[in-house]
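Subject: The structure I promised you

Hi,

Here is the structure we talked about. Have a look at it first, then read my notes below.

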Amino acid sequence: MKGLILEAGGCQLATGQRCFIDTHSGTRVEAEVVGFSDSTHYLMPLSRTEGLSPGDRVIPMDQDNTIPAGNELLGRVINGLGEPIDGQPLNIKHRVSLSTQPINPLNREPVTQPLDVGVRSINGLLTIGKGQRVGLFAGSGVGKSVLLGMMTRNTTADVTVVGLIGERGREVREFIEQTLGPEGLKNAVVVAAPADESPVLRLRAAKVCHRLAEHFRDQGKSVLLLMDSLTRFAQAQREISLSVGEPPATRGYPPSVFSQISELLERAGNGSKSQGSITAVYTVLMEADDLQDPIADASRATLDGHIVLSRSLADSGLYPAVDIEASISRTMPNVVSEQQQSSARLLKSLYSRYSQSRDLMAVGAYQRGTDQELDRAIDSYPDIHRYLQQGMYEQIPLDTCINQLLQIWPAIPPGATEGQAP
């Protein structure tokens, strides 16, 4: 045993296959094959390893790499093995393979319809399309989980799949009972793999989330996939890769981490014409609030947009603390009207101008009348601030968000630019 890895020999095993290890004390430890070198196989335990000793027998399990799937999972909480952890039996016969072939990119339907997530700042200014993949970037304690809960409760998607990957164990129950609530859980499946789980289980839980989302999408349903967090998924892959001897590359992350991220993210999106869609939101934990963190940078390049939560906005009491200057939805032009897009650009422009001149106004160095556009930004700021704020349990439909945005500047003509006043 070296670090997290067990070495086994004398048996035929395949990567990804699970097996039992019979200890001399009479207990069994479950493990998964994560690599091999010549005739030596590397195993990663799925549970605690107390009692293991040299010479313990390895017993391969049948390669039944399937998980339960179906409407019976709605309202339930399962782990990375597909087993219920909410204390209730799971009576479901239908099972699907954990691995599946990716969809031909030419067979995917384009993103053309908006998805209502019930959050005004996102619906109005960063509209998400059905089949879009978005990153939720933030440091610790800025409100990522709260925003995910709002989106789960308020969305108009048919099914929500929530993955709690590598987060603190106490947050799982808090998220389900307080943040998500009975209303949000009713049409949702929660897959939980807390931080104290094996890195193999954390990786598997992330894949289970995507496979369940693909199952519902193949039934023609609109699926909202929320995964918290993509960073913990990458860290789990890093633990495994370093343990089997893969050399580190970028800030300690081996190359396989970045290929795994791309492979995982590409599983979300629209299906073919007869299928539904998977709209995915991944939280990305920025170390020291650094957008250039390797995981943040790699995921931002693959995703179809990013929503950045600002610590300074959260400290000032603005919730949700969406930094509209640093955020963007790449598919928004395809799913909204030109008038909404022009209004959103104007709001961002005025908000940015006000933020840039805040220090000047605070020390009294600016006099009204000097800059007409800044005067307009100052006059508009109270309306902008109210538009960006929203209560945790307040639901605002997409149409209402758009109407409230257009009411702030009702005379903006189609095709107006950021610098044009109505």
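This is a predicted model: local features need pLDDT of at least 70, side-chain atom pairs count only at pLDDT 80 or more; totals for chains, interfaces and linings use all residues.

One definition before we start: a residue is called buried when its relative accessible area is under 20%, exposed when that is over 50%, and partly exposed in between (1.4 Å probe, protein chains only).

Residues are numbered from 1 along each chain as its sequence is written, and side-chain values use heavy atoms, with hydrogens and water left out.

Confidence
pLDDT is the predictor's confidence in each residue, on a scale from 0 to 100. The chain averages 88, and 95% of the residues score at least 70. Residues 411-422 are another story: pLDDT stays under 50 there. For that stretch the model has 22 contacts (heavy atoms within 4.5 Å) beyond four places in sequence.

Salt bridges
Here that means a side-chain nitrogen of Lys or Arg within 4 Å of a carboxyl oxygen of Asp or Glu. The count comes to 19. Helices (H or I, at least four residues) and strands (E, at least two) are DSSP runs, numbered from the N terminus.

- R170 and E174 pair up at 3.0 Å, N to O. Both sit in helix α3 (residues 169-185), 4 residues apart, which is about one turn of the helix. E174 is partly exposed because its relative accessible area is 32%.
- R202 and E239 form a salt bridge at 3.2 Å, N to O. This one links distant parts of the chain, 37 residues apart: R202 is in helix α4 (residues 199-218) and E239 in helix α5 (residues 230-243). R202 has a relative accessible area of 8%, so it counts as buried, whereas E239, at 29%, is partly exposed.
- D22 and R28 meet at 2.7 Å, N to O. D22 is at 23% relative accessibility, so it is partly exposed.
- R133, E266 and D304 are joined in a network of salt bridges.

Cysteines
How many disulfides does a search of the whole structure find? It finds 0, where a disulfide is a pair of cysteine sulfur atoms within 2.5 Å.

The largest pocket
A pocket is found on a 1 Å grid over the protein atoms alone: an open set of points where a 1.4 Å probe fits, with protein on both sides within 12 Å along at least five of seven lines, and lining residues have an atom within 4 Å of a point. The largest pocket holds about 1,100 Å³ of space, its volume being the space filled by probe spheres set on the points, which are joined across faces, edges and corners. It has 44 lining residues, and the closest to its centre are N65, L98, S99, R204 and K207. Helix α4 gives the largest share of the lining, 8 residues.

The peptide bond from D228 to S229 is cis, with omega near 10°. Another cis bond joins Y319 and P320, with omega about -5°. D38 has a positive phi, near 55°, although it is not a glycine; you'll find it in the loop between β3 and β4 (40-45).

Cheers
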